[in-house]
Number of protein chains: 2
Amino acid sequence: MNADYGVPTELAGPLQQRRALYQPRLPPCLQGATVRVEYDDATTTIDPTGAHAVAQAFPRTYGQRLVTFLSPDDTAGAVKAVNERQPIRVGVVFSGRQSPGGHNVVWGLHDALKVYNPQSILYGFIGGTEGLFANKTLEITNDVLASYKNQGGFDLLGRSIDQIRSSKQVSAAMTTCQDLNLDGLVIVGGVTSNSDAAQLAETLVQKNCKTKVVGVPVSLNGDLKNQFVETTVGFDTVCKVNSQLISNVCLDAISAGKYYYFVRLMGRKASHVALECALQSHPNMLIMGEEVALSKLTLMEVINKICDGVQARAELGKHHGVLLIPEGLIESIPEMYALIQEISILHNNNVPVTEIPTQLSPWAAALFQFLPPFIRRELLLHQESDNSAQLSQIDTEQLLAHLVEAEMIKRTKEGRYKGKKFSSVCHFFGYQARGSLPSNFDCDYAYVLGHISLHMIAAGLTGYMATVANLKDPVHKWRCAAAPLTAMMSVRRHLRGPGAIPIGKPAIHPSPIDLKGKAYELLREKASSFLLDDFYRTPGGIQFEGPGSDAKPITLTIEDQDYMGDIEMLKLYLDKVMSNR
Amino acid sequence: MNADYGVPTELAGPLQQRRALYQPRLPPCLQGATVRVEYDDATTTIDPTGAHAVAQAFPRTYGQRLVTFLSPDDTAGAVKAVNERQPIRVGVVFSGRQSPGGHNVVWGLHDALKVYNPQSILYGFIGGTEGLFANKTLEITNDVLASYKNQGGFDLLGRSIDQIRSSKQVSAAMTTCQDLNLDGLVIVGGVTSNSDAAQLAETLVQKNCKTKVVGVPVSLNGDLKNQFVETTVGFDTVCKVNSQLISNVCLDAISAGKYYYFVRLMGRKASHVALECALQSHPNMLIMGEEVALSKLTLMEVINKICDGVQARAELGKHHGVLLIPEGLIESIPEMYALIQEISILHNNNVPVTEIPTQLSPWAAALFQFLPPFIRRELLLHQESDNSAQLSQIDTEQLLAHLVEAEMIKRTKEGRYKGKKFSSVCHFFGYQARGSLPSNFDCDYAYVLGHISLHMIAAGLTGYMATVANLKDPVHKWRCAAAPLTAMMSVRRHLRGPGAIPIGKPAIHPSPIDLKGKAYELLREKASSFLLDDFYRTPGGIQFEGPGSDAKPITLTIEDQDYMGDIEMLKLYLDKVMSNR
């Protein structure tokens, strides 16, 4: 570690110092000074009925071909190619929520760029998208990187408003690209940031700006997942840290034998983090948003389902338990979703917060008044960059615990429940995981994606995402590729008002859990044992050396790699749940 | 791991299975079949002015000699001794909050007992002290232990009301000891449980019950610390897990640059966990109860101190930060303490909760009304086994965040603060750490204490605690000993009413941070850098193999081993803060 930038070496912890020395692995095609670029089929989009809309919205970047990066056939030619190269100028920006591994994308990009031509320059934008708009840069060098290699956080560059969307923002980004004479701009982020990246790429092509725009899938949510993208950088680490904590809580629960722990997990709309954590730690219940949405369970049906579980456990003499609640669950409960939608529309119409409750429809107003005051307040909070409610600010776990307690008291009074008094402890796990030291898998994956980004820019690709296939195999079998961002897009159907189905703006949407997939199938098989047996699994914390240090997400290793090819599930979910605005 | 008890092997995680194979280390004196018992000086107590009261309360167990366990001089004699041994019958009970390493005490005790005489029997009481009173036992065998070796939680036996205090409880415990014909009873717990152990030992001697009572210092709080006890089992693990999470939160804070994290930590009255975590992770501020109490800072002075820090950081352009709040802080703020005391007295007088607010003194009532409703509700909650308020139920971090925000708004209006809007995120770290897989240090320490407990019972010691000195050295230099529980006692001075100083009941009290000690000195030296520089330290998660897997608490390694010989600090603190009831 270097004392000039970041934490001085003498203040860093021993593990922190040791991690800075870890050298991420590269697949063979990235180990040389050059790659062979192979162009595959032209793409459409994963959402066939939306393809026309996507093509219309992205006339210059729609339908591009898939690209694979391979080892060069001809070493002599490759060496010649290196000598003919011009220096390249690239900018990189963190967009979206910090996720373990982000720094390694920058590092990988830097290393590939210096191998490409040592005169090349890499700029990092300071303060996320705000730094991009204002052209605030830090030149990335080996010295600057020293104390950030394999470290968590986004603190090398920071993040800010996480949007490149309004015409003012797009135009500011373009001006910066031009002022810095950038050959490429790498945008590090999740579904929202990559949708923005696609839009920016299209605009730059239209305006004859030479800068190539490349997206890198970095997101703790794991919801940027489709036939091109197997998982996102950070998902593995965040699931491991959360699973460690959930397992600790399970042992805590069974030791004291008197509390139910309601644990809400970060992960936005989809339940990928919760599913992975459940498979790693075997808690008693997981209330998955996707299941609730598809079955159209009402809030009280969800509560009754939990209470039935509590009651079944009490009959075995068990008065403790652990429930996982994905933060997106709240939006998957139909009447809560409808309420959030109404509030969202009023927000967008600039209705002052204090007046929103009075302008709700009678039905929504009645539900609003039924909810405990702390939930009412949270529902009125301002919204995130993608216009959804601030999911992380809604204490769904407290809402459920509150309502389950009321229902258990009711059942006790009616003589239907004869167990001990129900008591709960609530937790929200998220912030305490996303700053973690990244796992070896995330370190490798991010570093490889950084390399691929450089090769994409060098190949003149724009509006593409860096991708790696075969992730469940060892690194030397990883397949490095680039996929057009437009190929990952789908179109939301607005169902507001009777029969009205206008076509919305194409975007990369969060993928829900595949309810036909193997990971979900495994969970369902185990659900009854999870509920009743208390065979809690202890994954332990992330190990960086020795056995287990190369462990990958369970969901990644058991899913078929092409499972997301099944668009039906995605569409069903989009139609029922997520396109409803 | 064994499928008959606990988690079946095929369901355990790979690290969980691997940990079950870890063999804790033993110092040389415990490696043979016998030990030499050396009797040192007779003891008084760490609180000279309380010695008379302790002697009076413990006429049969006060003043016993210190005992050290050494390797036998005479191997032939040792072998002869083994052949003459009778089988021994021992019971073990978990008392107090679960703490990583508890299972290894049972394992160590079991192994030593079987070496002592293979016909010996070890009973674990199921369901903690409730199981002790009701004589509900599980015979501990190697098969039973298999899936609990080096694992977290107290779930092998469970815990319950954590008290052996009322005459009914003491009498039930004695009946069980007699019914099982126990030679020894091992009580695993912290300050409260060990105070109870002393009382039970005294009673059993007085009633001619042969069962020897032995205490083992297991507590995540680290507050059972005195000239005989360097640290407690579980403290190392809990601090490592919490430090990992705090460090994650620090990186999260600096990445986004817009939130202050208020992190409350478990640890009861004293701030040992918070101090250790601060030295491991370097957050911006630690509001230590001991400092606040000694300086007699009021609630608003604490708030102003935090606001001054926020303001100093804003002047450097920093609008994020991380603050550690020990859960005991709330009781260290004089007016809050007085309020909690009044509520506690009303509780003890069986005043119904709803009427307590109306029966407070005018001054306390005014403070009560000033507090936000969520804090008022929490202050009225029922109390813990040691009659203190339920510290873990009071959201001190939310109270402080709430008041700091109000003060920053005020300063902004008055033009004294010109930085960005203050925003906070609150966390309580505790439950998610105490079920963790124990560190190698805690595994070894607990296993050694289990062995010592057996040798204490075999030597006929009662009213003693198993102890290990030189813990900062490698295991082969550890010094195994036993210290009379009465020697660790002090006497609280009740200051209720003008001039009234009746002598209270002697007990082992939680030790506060030594404000003259080296650990605190280090923190003070670094305080200004911590506040302003953001050189956050990343300790990472617990590593079980390779470099760093033998790391010990920083506070343990830098303190002088005899620092707690300075009773003045303890007395000062007891007088000012903790004896006030």
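In the predicted model, buried residues account for 64% of the 581 residues of chain A. The secondary structure of chain A consists of 23 helices and 15 strands. The radius of gyration of this chain is 24 Å, close to the 25 Å that the globule rule gives for 581 residues, and chain A is therefore as compact as a globular protein of that length. Along the principal axes, the C-alpha atoms of chain A occupy a box of roughly 85 × 55 × 40 Å.

The contacts within chain A were examined by sequence separation. Of those between residues at least 6 apart in sequence, 79% join residues at least 24 apart. The charged side chains of chain A comprise 55 positive and 58 negative groups. The centres of these two sets are separated by 2 Å.

The relation between the two chains was then considered. Chain B is superposed on chain A by a rotation of 180° with 0.0 Å of shift along the axis, at an RMSD of 0.0 Å. This is the relation of a two-fold axis. Of the interface residues of chain B, 100% are also interface residues in chain A, so the copies meet through the same surface.

Although A:Ala12 and A:Ser147 are 135 residues apart in sequence, their C-alpha atoms lie 9.0 Å apart in space. A further pairing across the sequence involves A:Ile161, a residue of the loop between α6 (142-145) and α7 (167-179) of chain A. A:Ile161 counts as partly exposed because its relative accessibility is 38%.

A:Asn350 occupies the loop between α14 (334-348) and α15 (356-359) of chain A. The phi angle of A:Asn350 is near 60°, a positive value in a residue other than glycine. With a relative accessibility of 67%, above the 50% limit, A:Asn350 counts as exposed.

An asparagine with positive phi is also found in chain B. B:Asn135, which is not a glycine, has a phi of about 55° and lies in the loop between α5 (128-134) and β5 (137-139) of chain B. The relative accessibility of B:Asn135 is 27%, and this residue counts as partly exposed.

Within a helix of chain B, B:Ala81 belongs to α3, which spans residues 75-83. The relative accessible area of B:Ala81 is 32%, a value that makes the residue partly exposed. B:Ala81 and B:Ala33 are 48 residues apart along the chain, and their C-alpha atoms are separated by 9.4 Å.

Terms used. Residues numbered from 1 in each chain as written. Chains lettered and ligands numbered in written order. Predicted model: local features only at pLDDT ≥ 70, side-chain atom pairs only at ≥ 80, totals over all residues. Heavy atoms only, no water. Helix = DSSP H or I, 4+ residues; strand = E, 2+ residues; numbered from the N terminus. Rg over C-alpha atoms; globule rule 2.2 N^0.38 Å. Buried < 20%, exposed > 50% of the residue type's maximum accessible area, 1.4 Å probe, protein only. Contact = heavy atoms within 4.5 Å. Lys, Arg positive; Asp, Glu negative; His and termini not counted. Charge placed at Lys NZ, Arg CZ, Asp CG, Glu CD. Least-squares fit on C-alpha atoms with pLDDT ≥ 70 in both.
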